[in-house]
Amino acid sequence: MLEEVATSTEGDLVINVGPQHPATHGVLHLVITLNGETIKKVEPHLGYIHRSIEKMCESLTYRQFIYVTSRMDYLSAHINNHACALCVEKAMQIEVPERAQVIRVIMDELTRIASHELWWGAMAMDIGAFTPFFHAFRERETINDIMEETCGARLTMNYMVPGGVMIDLHPDFQRKVKEFIKLFRSKVHEYDELVTGNIIFRSRMKDVGFLSKEDAISFGCTGPTARGSGVSCDIRKLYPYDVYNKVQFEEVLETGGDSLARYMVRIREMHQSISIIEQLIDNIPEGDFQAKTKAVLKLPKGEFYTRVETARGELGLYIVSEGATTPYRIKFRSPGFSNLSALDTMARGSKLGDLVAMMGTLDLVIPDIDR
Amino acid sequence: MFIVKYIKDVFSGIKSLLVGMRRTGYYFTHHKEIITEQYPDNRDTLKLPERFKGEVVMPHDANNEHRCTGCTACELACPNGTIKVVTKFDITPDGKKKKAIDKLVYHLELCTMCNLCIVACPSDAIVMAQTFEHSVFDRAELTKILNNPGSRIMDGVE
Amino acid sequence: MTNEELKTRITELVPSAAFEEGGEWINVNVDPGEWPGFARQLRSDAGLQFDYLFCLTCVDWKTHLAMVYHLSSTLFRHNLVVKAKLDNHTPQIETVSHIWKTAELHEREVYEMFGVNFLNHPDLRLLILPEGWEGKNPMRKDFEDPVNMIKL
Amino acid sequence: MPLTSAFSIPFSRFDIHKMWSLTDITTNIHDWLNETFSPTWVLIIEMVIAGIAVIGLFAVLGLVLVIMERKVSAWMQIRLGPNRVGPKGLLQSLADTLKLLVKEGLTPGGADKFLFNLAPIIALVVAMLLMAPIAFAKDFQLWNLNIGVLYVSAVSSLMVISILMAGWSSNNKYSLMGAMRSGAQIVSYELSAGLSILTIVVLAGSLNIPDIIYSQADGWWIFKGHIPALIAFVIFIIAVTAETNRAPFDLAEAESELTAGFHTEYSGMKFALFFLAEYVNVFIVCAIGATLFLGGWMPFHIGNWEAFNHVMDYIPSSIWFFGKTFFLIFVIMWFRWTFPRLRIDQLLNLEWKYLLPISMFNLILVTAIAILKWHF
C-alpha cells in the first residue's frame, strides 16, 4: 500500500509549507508532495535568510567574527561564541583561566535550558496546544534576565572572547541562578502534566517520524535528534572541552527513534543541564576571568577544527588560516543543516499533521540552517 | 483480555486529560501567577541592568569635557564600521599641535551592541547606555555625533 | 585505531595517498579520480568504518579548489580528513551522497557556492541561491558584488 | 395555578409554576397587537420582532463569547488578556468587530466568486436557523416545534456545506484540505452526537424541547439517568466540540498545518461572519446540551431541602439557562486551551473505534433503563 502511494504520481497535491507559515518558525520553505493527507516527498528550499556568514567572517578579525556567530543559531548564541573562542584558543595555545572555563560552561548550560524551553513551548504550539508556550516562557525569561544582568543582552550576548569571557560575573549571578534552579524544579512537573503525559500528545508523537540509527549516522544527525535514535554523539562526553570532563552528567540516550524519543531526550537533557549547573555554581574558582592576550590576534598558518555541543547538536568550526589577522576560510558545520536533511526520509508515508510534529522535534532554527 | 485493556485505555486516557485540565484550571483561578509586564505603562518603574548594552554614548562631565583622545581603537575594533573618528589638531597653550577629536560619528543603525569598542577603548571614553527605545521616523537621526559641541578632552587623559 | 595504524591502513588501500603533517587529525590528500573507490573502502572496511561524515566543504586556494571531507567513525571514534585538489576552471568530483546521505545537501551547497560539479549526484540543483542565479559562485575568492558587499 | 393550592403546599418540591415567567409579557404583546392590527400584520410584526431579537442576540453573543474566550485563554496562559478598550478590556471585541467591518473584503482572483461570497452567508443563516427551537427561559421560545431536537441536529449538519463551499471556492489547497477534513469530521461526529441526544429522547419520551425540559422538573437527566446518562453527556460534549471545529478537533483550521484551513482566503467581514457563526454554533450546541442533560432553564433542586429549593426557584429561569450554557461553553474553551490537536486519522479512530461503539451500547442500556423504569 505504502509503495503504491510512493510510486504513483496521479492525484499528487503539491503544497508549499513556508516561507511564511506558522509551522516553520522562520523562513524555511518546504515543498511537499501529498497524496491526500499522506506525504510522498518533502523537499527543502533554503536561502531566505542566508547572510553568507562564512564569507563575512573572511573579512573580520579573530576578535570580531565571534559576534556574527550569535546570529546563526540565535538560541544557542553562547555556545556558538564558545566554539569560536575555543578554536582561536586552540590555534594560538592560549591557556584559559579556570574561572573563565567554569563561567563558560554554566552559561552554555543555561543557554541549553533556555533553548530547550523555547523548543518545548513552540513544539507544543505546533501540535496545537497553545498554553505550554507561555508556561515555557516564564522560565525562559528568568534565564534571559540572568543573561541580561551579566552579559548585557538577552539573546545575542557576545560574551565569550578568545582567552576567557568579556566581563566578570555580576555579583548577583550565583544567587539568581540558584533561584532559577529552585523555580525550574518547582515548575517542571507541569510540563509532564500539560504535555508529556497527555494521551493526545503521546499518540501524536509515538511511532511518528521514525529515524533508524543507521540513517541518523548517515544523515549526519547530531544532538537530541540522533540521541533519540540511540546514537551516542554528545561532544561534551566524547571530546570534552573546558570543564566538562570535571562534572558528572549523563549522556541522555533514547532508543525509540521516533518523535517521542527525541522529545524525551530534550526533556531529560534539561534535568542534566540543571545538574551540571548545580555542581558548578558553588564552585566557581577565584581568579582572572580572561587570559592575557595580544591586542591583535594572528592565528598560525594551518587548519583548525573545533566541535562543540549546541542545543541542536554538533557545531563544527573549521578555520583555514594563512597566518593573517583574518581567517582565510571559515566553515560552520551547523547541526540544523544536517538534521534537516533527514526530514524527507522521516516524513515519507506519514500524514501532513505528523510533519509538523517531526519539524517540532527536529528543533529547526532557520538562521542556523541558512547561515 | 481485550475488553479490559480497552476500558483501561479509555480511563487512563481520560485521566491524563483531566490532569492537564487541572493544571490550566489552577492558573485560571490563580491570577497572582500572571507574569504579564505592561510595557509602555511601566516605563517609570522599568529598570534595566547597568550592563545592558543599548547604545554607545560618550559621557561628559560638568565642564563639557570627555575622555576621548581620538586614538581610533574603537573604530578598528568595530566589526561593522559603526564608528568613525574624525580628528583635528588643537593648538595647546604652549603652542604645540595636539591631536584631538573633531567628531566621533556613531551609526546606531549599523551597531550590533557587541561591546567590542567599549572593551577596546584605552581611556574609557565611551560606555554603553541603557536606552533601548531607538525607533525614529527618519533613518538619518540614527547617525549620531557622540561628543558634545564645543567639548574638549579632560586634563590628564592621554 | 590510532593515527599511525590509520596511516598504514590507508596507505595499503591507496598507495598514492599523500599525508599532510600538522593538525590533530590525519590529513590525506587523494586524487579526485581515486576518491570514489577510496570513499567506499573507508565506509565499508571492517577496521575503518568511517560511517559519519561530519563536515564537507571546499576551500578556494585561488590556483585550485580543495574539497575537504571530515570523517569520523561512531564505532571506533577515530577521525580522518580527506582532501582532494580540484581544477579551478572545471572542478568536478564524484559524489559521495550514496555513501553518506548527509553529503547530498552539503554537496548541493558546495555546488552553488563554489561551482564544483558533483558527478552522479541525484539532485544537483541550487539550494540556497535563488532560482535562475547567474554569475559567479559567491564563496569563490574572486567573487565581487558591489551592491551587497560592504567594504570596511 | 390557583392561589389557595400554592398556599396549601407552601414548599412544594417541584413547584416550577411559581417561577417568574416571560409568558405574561409575550401574551400581552400578542394580545395588544391582535387588538390593534389585522392578523396578517400581527404575523409580520411578530416576525420582525423575532428577527431583530435574533440578530441582536447574535451580535451580543458574538461579542460576549469572543471576549470570554480571550479572557479564559489569557488566564490559563498566565497572561492578562485584553485590558485596554473599555472597562477591563470588555469592549475589546467591539473594537475588533469595527476593525473587521472597515477592512476590505478581498475575493481572490481564481476563486469561484459566487460560492466564495455565499459560503459565509450560509454559515450565518444556519446558525440563525438553529436559534429557533431553543428555550431561552421558561415558556420563551421562538418556535415551539414538536420535533425540536431533530430539527437542531438536522439543521446543524448543514454547517458542513458552507465549510465545503468555502474550501472549494477559495481556489487554495490549504482551504480545500481543511474543508475536506472538516467534511469527514462533521459527518462522523454527527453520529455519536445524534446517538447521545437519542438517549435523552428515549428517557424523556419526546422530541419537543419544552417537553424534555418539563420531564426534568424532578431532577436533571444527568442525575436521574444513572451512569449511562453521564456517559452520553461526556460523549455529547466531545462530539459537539468536534462538530463545531473547536480544538482539540480544529483540524479544519489547524493553523500550524494549514495556516487557517477553510477560511485562509477570507478577510474583513466575510471572515467575521465565519468567526461569528463558529461562536454562535458553540453557544447553540451548549444550549442543546444544557437543555437535554442539565434541565434547560429548570432550577437546581436537592431532594427534600425545601428551603434551598425555594430559593432556587426565585432565580429567574433565563439565568438558569444561560448559566448552564455558559458553563458548558467554558468547559469547551477549557478543552481548547489545554489539549493538543489530534491527527486526522486519530480523530476518525476516536469516533469510529471509541465514541460510536460506546454510545451505541449506551443507547441500548438507556433503552432498557427507560423500559424497565429504573431511572428516578
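## A sheet, a kinked helix and an interface

Three strands of chain A form an open sheet in the order E1-E2-E3, with antiparallel pairing (strands pair if DSSP finds at least two bridges between them). Welcome to a predicted model, in which local features need pLDDT of at least 70, side-chain atom pairs count only at pLDDT 80 or more, and totals for chains, interfaces and linings use all residues. Residues are numbered from 1 along each chain as its sequence is written, while chains are lettered from A and ligands numbered from 1 in the order in which they are written.

**The sheet in chain A**
- Strand E1 (12-17) and strand E3 (38-45) of chain A are the edges, each pairing on one side only; strands (E, at least two residues) and helices (H or I, at least four) are DSSP runs, numbered from the N terminus.
- E1(A) and strand E2 (residues 29-35) of chain A run antiparallel and are joined by six bridges.
- In E2(A), A:Val31 is the residue opposite A:Asn16.

**Helix H7 of chain A**
- Helix H7 (residues 173-196) of chain A has a kink of about 35°, centred on A:Ser186; the bend is the angle between axes fitted to the seven residues ending at a residue and the seven starting there.
- Among the buried residues of H7(A) are A:Phe180 and A:Tyr191 (buried: 20 or more other C-beta atoms within 10 Å of its own, C-beta atoms being placed from the backbone).

**Where chains D and A meet**
- The contact takes 27 residues from chain A and 22 residues from chain D, with residues in contact if their C-beta atoms, placed from the backbone, lie within 7 Å.
- Helix H12 (255-258) and helix H16 (344-372) of chain D each supply at least two residues of the side of chain D that touches chain A.

How values were computed
Contact = placed C-beta atoms within 7 Å. Buried ≥ 20, exposed ≤ 12 C-beta atoms within 10 Å, placed from the backbone.
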